[in-house]
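Thanks for coming. I will take a few minutes to walk through one structure, starting with a term and then going to the details.

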Amino acid sequence: MNTYYYVLASQKFLLEEEPLDEVLRERVRDYQAKDKAIDFWLVKEPAFIEAPEFANIKAQCPQPSVAIISTDHGFITWLKLRLEYVAQGEFQAPSPTIPDPLASLNSTSKA
């Protein structure tokens, strides 16, 4: 089981109101320059928020939502500070309630 960290917000906020594409492109360039494997994913309509333990968070986040999920706690903490109006947390997966940490309710929306 691995620990995954995330920031979560509405798709409208993260994909339309924030310059997220610029932030992620810069992060990819940085990883490539350091020859580091990509350890973050953008997932539209993330399935992990359907787990019972996320009922509170799902209720507070306008839908449809989007998450940036990573195994790098520092990156997610930096994103929370950069984006400000997002939920931040972590979860363990695979687990009985979260079999696939990167699953989407919309199977075509993992990037």
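A residue is called buried when its relative accessible area is under 20%, and exposed when that area is over 50%. Keep that cut-off in mind for what follows. One caution: this is a predicted model.

With that cut-off, take Tyr6. Its relative accessibility is 1%, so Tyr6 counts as buried. Phe54, at 5% relative accessibility, is likewise buried.

Now the fold around them. There is an open sheet of four strands, in the order E2-E3-E1-E4, and the pairing is antiparallel. Strand E2, residues 40–44, and strand E4, residues 87–93, are the edges, each pairing on one side only. From one strand to the next, the twist averages 25°.

E2 and strand E3, residues 65–70, run antiparallel and are joined by five bridges. Helix H2, residues 20–33, lies across E2 and E3 and runs at about 150° to E2. Helix H4, residues 73–83, also packs on the sheet, where it touches E1, E2, E3 and E4. The direction of H4 makes about 15° with that of E1, which covers residues 2–10.

Between E3 and H4 there is a loop, and Asp72 is found in it. Is Asp72 buried or exposed? Its relative accessible area is 18%, so Asp72 is buried; the cut-off is under 20%. A polar atom of the Asp72 side chain lies 3.1 Å from the backbone nitrogen of Phe75. Leaving aside neighbours within four places in sequence, Asp72 is in contact with Tyr5, Arg27, Tyr31, Lys36 and Asp39.

Next, the aromatic rings. How many aromatic pairs does a search of the whole structure find? The search finds 10. One of them is Tyr6 with Phe54, an edge-to-face pair at 5.9 Å centre to centre, with 70° between the planes. This pair links distant parts of the chain: Tyr6 is in strand E1, while Phe54 is in the loop between E2 and helix H3, 48 residues apart.

A second pair is Phe48 with Phe91. The ring centres are 4.5 Å apart and the planes are at 25°, so this pair is stacked. Phe48 is in the loop between E2 and H3 and Phe91 is in strand E4, 43 residues apart. Phe48 and Phe91 are both buried.

To finish, these two pairs belong together: Tyr4, Tyr6, Phe48, Phe54 and Phe91 form one aromatic cluster.

Notes. Residues numbered from 1 in each chain as written. Predicted model: local features only at pLDDT ≥ 70, side-chain atom pairs only at ≥ 80, totals over all residues. Heavy atoms only, no water. Pairing = 2+ DSSP bridges. Helix = DSSP H or I, 4+ residues; strand = E, 2+ residues; numbered from the N terminus. Axes fitted to C-alpha atoms, helices over the stretch in contact; angles between N-to-C directions. Contact = heavy atoms within 4.5 Å. Buried < 20%, exposed > 50% of the residue type's maximum accessible area, 1.4 Å probe, protein only. Polar contact = N/O pair within 3.5 Å; in protein donor to acceptor, adjacent residues only side chain to side chain. Phe/Tyr/Trp six-rings, centres within 6.5 Å; stacked < 30°, edge-to-face > 60°.
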